[in-house]
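Morning, everyone. Please bring up the coordinates, and I'll walk through them.

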Amino acid sequence: MLGIAASSLSYAQIDVAGGTFSGGIESTSQWYQADEDLGFEQPDDPFRSNNYIRLDYNYGKFSAGLQYEAYLPSALLGYSDRFNDNKIATYYVNYKGEQLDITAGNFYEQFGSGLILRSWEDRQIGINNSIRGVKVAYTPNDFTTIKGLIGKNRLGFETTEGTVGGVDVETNLVRLFNKENYNNSVTAGFSYVGQHEDYTGAVEDFPQNINNYSLRLGYSGIAGIYANAEYVIKGEQPALFSGNPTENYYDGNALLVNLGYSMKGFGINATFRRMENMAMYSQRDLSETAQNLYNEGIVNYVPALTRQHDYLLTNMYVYQAQPQLNFDLQEVGEIGGQMDIFYNFAKGSFLGGKYGTKLAVNASYWNGLNATFNDDLTYETNFFDFGRKFFHDVNVEVNKKWTDKFSSIITYMHQYYDRAVMEGITYTPLVANVVVGDFLYKFDSKNSLRFELQHLQTKRDKKNWAAALVEYNLNQKWNFYVGDNYNYGNDDEDKRYHYYMVGGSYAKESTRVALNYGRQRGGLICVGGVCRYVPENTGFTLSLVKTF
Amino acid sequence: MKKKFLSAIFAMGLAVSSFAQDTAFPDMAVPDLQGNKVDVKALSSEGEPVVLAFWATWCGPCLLELNAINDKMDDWSSEANFKFYAVSVDDSKTVSRVQPKVNGSGWEFDILLDTNNELKRQLNFSTPPYTVIVKDGMVVYKHVGYQPGAEDLLFEKIKEFSN
């Protein structure tokens, strides 16, 4: 593969034998510094880096590619120690015809909303559960897709012990009966996902196969109303305690319902989800939290359905979905929902002002299921019963452009966060209020300044925080920033730390280089609804991305 | 030893990429908000360039970019011929916010959904904002990130390719 890359240097266009190359490089390096105040010691290998190089070759209907990963000399803090090598991590060969699409090697796929099956990659939080096997997709017409796949999920640089196989069928019932009707669509889908893992232990008749099913239905029309629902049944299997299976078998289920309406200038969406024992792994021993700190070997996608915030203090207390059985806390899942309302006050209207104002309101509310456990560890629960409260988040955001050069985004957030459930700490739940002001001033079309002021108020945990960030954009290529999160309200005066950061970046076309120095607040880093713990750390970070 | 090997890979990658001119746009159809599949590659060979702006509901700079483009779209459309799609890389966690947000923000452009990030993976970029211009099946321009005012540079490029 590298030989081919080398020979292509002599061509002005990366053109080899009539096909084309493309790819990308992504590299993040950190150099950790000892920090007395935080009690942070330099780890073994104070310099660490995660590097990904992806190369794709495309020739007509065929394409092939690979991803080379190097964790040198070891992976960044907070990543699984299975990432301890440098070699080709994923590879594939693909044929794409008019109706048939066949892939051999590593592939990514999602059935429905992902509640029953999803394989994806998220480098920032160390997730890559791509399936290595064979996938075939057949599209007999432009509104029907039939997929079949079989393989093993990626685990570190290897694959899991268990095999996963699935079939998914989806079609638009409206077009099935009336090919020319594009105004309304009723999509119906069905999936089956089977899991198999050999068992070599002592228990007799131990189930080596699990069968999971899902059904989904969706409607959307030009009148602006849409709705969809998905129901998943997870096959039964014993739970594991320190590797030992329980006598009882537990099955699982999930229901997801989404409704919305939108027209020009207004949009509203409401989602309801209930999950009972929905954590799915393609290797039995990874189902125990103690054995799986890094979200490895997961089969499906069960994200927290809350708003993804993007400011420093709004990400202090982040909800993590609770699909799993937890015998200690006597919880078996979660139930709740989320609502979003967006409204655009048009230019010229009273609240809109000269340039318009945008309003966004979001609320999410999550509880445990009201489960009653019996002495033999079986449990009962009703379908619509709301149990212990886990989390709520109500936030309002007003985005206003004041003049040609100046605009602001003001956000207020109110949160309820149960630390015992989220972090396993015995502590009373906390309530936090956060206010953020984000201001942008454009000097001209090439230079601008952005300024943030934030405040978090809470009576528990580390109490109050204040944060500020200033960022300058220069000449459309450079960016410089300096910021600080200050825990001024901490009861312990010695622990009123500043989590400062300073850095900059250079970007041109498809290349970007960024350098940062500062203190990273420890805790959950959540991206796309999946979270992992990052230990508190201090040091330099260098990142490079390039697409070619 | 490992460090030298790594530098060699990087040098190779950078060398290959420094010769990078145009690469083929992947052959895949992406659904719009109604579920109808759009074949961008085929569309780009029908005379007009296709502009794809990748975004997500949680990406602050992306929203700044799309609000800015929305304000200028009327002028742009009268000065050049091109097709514009804002492609959302929101996955199942946040995809339900896409449709209400698009309408609730008063955006006029067409939206495509890349929910399992297959197109994002094929185009090899790290995070949004990311913009590409596709013409005759080839990616003729790419740009990472967004700073206020970058939409003007984007329009210069659009005019260049839409002659």
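Start with helix 6 of chain B, residues 150-162. Helix 6 lies across strand 4, strand 7 (130-135) and strand 8 (138-144) of chain B. Against strand 7 of chain B, helix 6 runs at about 10 degrees. Keep in mind that this is a predicted model.

Now the sheet itself. In chain B, six strands form an open sheet in the order 1-8-7-4-5-6, and the pairing is mixed. Which strands stand at the edges? Strand 1 (23-24) and strand 6 (110-113) of chain B. Each has a single partner strand, so one side of each is left without a neighbour in the sheet.

Stay with strand 6 of chain B. Strand 5 of chain B, residues 83-88, runs parallel to strand 6, and four bridges join them. There, B:Ala86 stands opposite B:Ile111 of strand 6. Helix 3 of chain B, residues 60-79, also packs on the sheet. Helix 3 touches strand 4 (50-55) and strand 5 of chain B, and its direction makes about 140 degrees with that of strand 4.

Next, the interface. 78 residues of chain A contact 53 residues of chain B. On the chain A side, strand 2 (residues 19-32) gives the most, with seven residues. By class, that side has 30 nonpolar, 34 polar and 14 charged residues.

Last, chain A on its own. Its domain assignment gives domain 1 (97-302) and domain 2 (308-548). Their C-alpha centres are 28 Å apart. In chain A, 27 residues of domain 1 contact 28 of domain 2. Strand 19 of chain A gives the most to the domain 1 side, 11 residues. That side divides into 13 nonpolar, 10 polar and four charged residues.

Terms used:
Residues are numbered from 1 along each chain as its sequence is written. Chains are lettered from A and ligands numbered from 1 in the order in which they are written. This is a predicted model: local features need pLDDT of at least 70, side-chain atom pairs count only at pLDDT 80 or more; totals for chains, interfaces and linings use all residues. Two residues are in contact if their C-beta atoms, placed from the backbone, lie within 7 Å. Helices (H or I, at least four residues) and strands (E, at least two) are DSSP runs, numbered from the N terminus. Ala, Val, Leu, Ile, Met, Phe, Trp, Tyr, Cys and Pro count as nonpolar, Asp, Glu, Lys and Arg as charged, and the others, Gly among them, as polar. Domain bounds come from an automatic or database domain assignment. Two strands pair if DSSP finds at least two bridges between them. Axes are lines fitted to C-alpha atoms, for helices over the stretch in contact, and angles run from 0 to 180 degrees between N-to-C directions.
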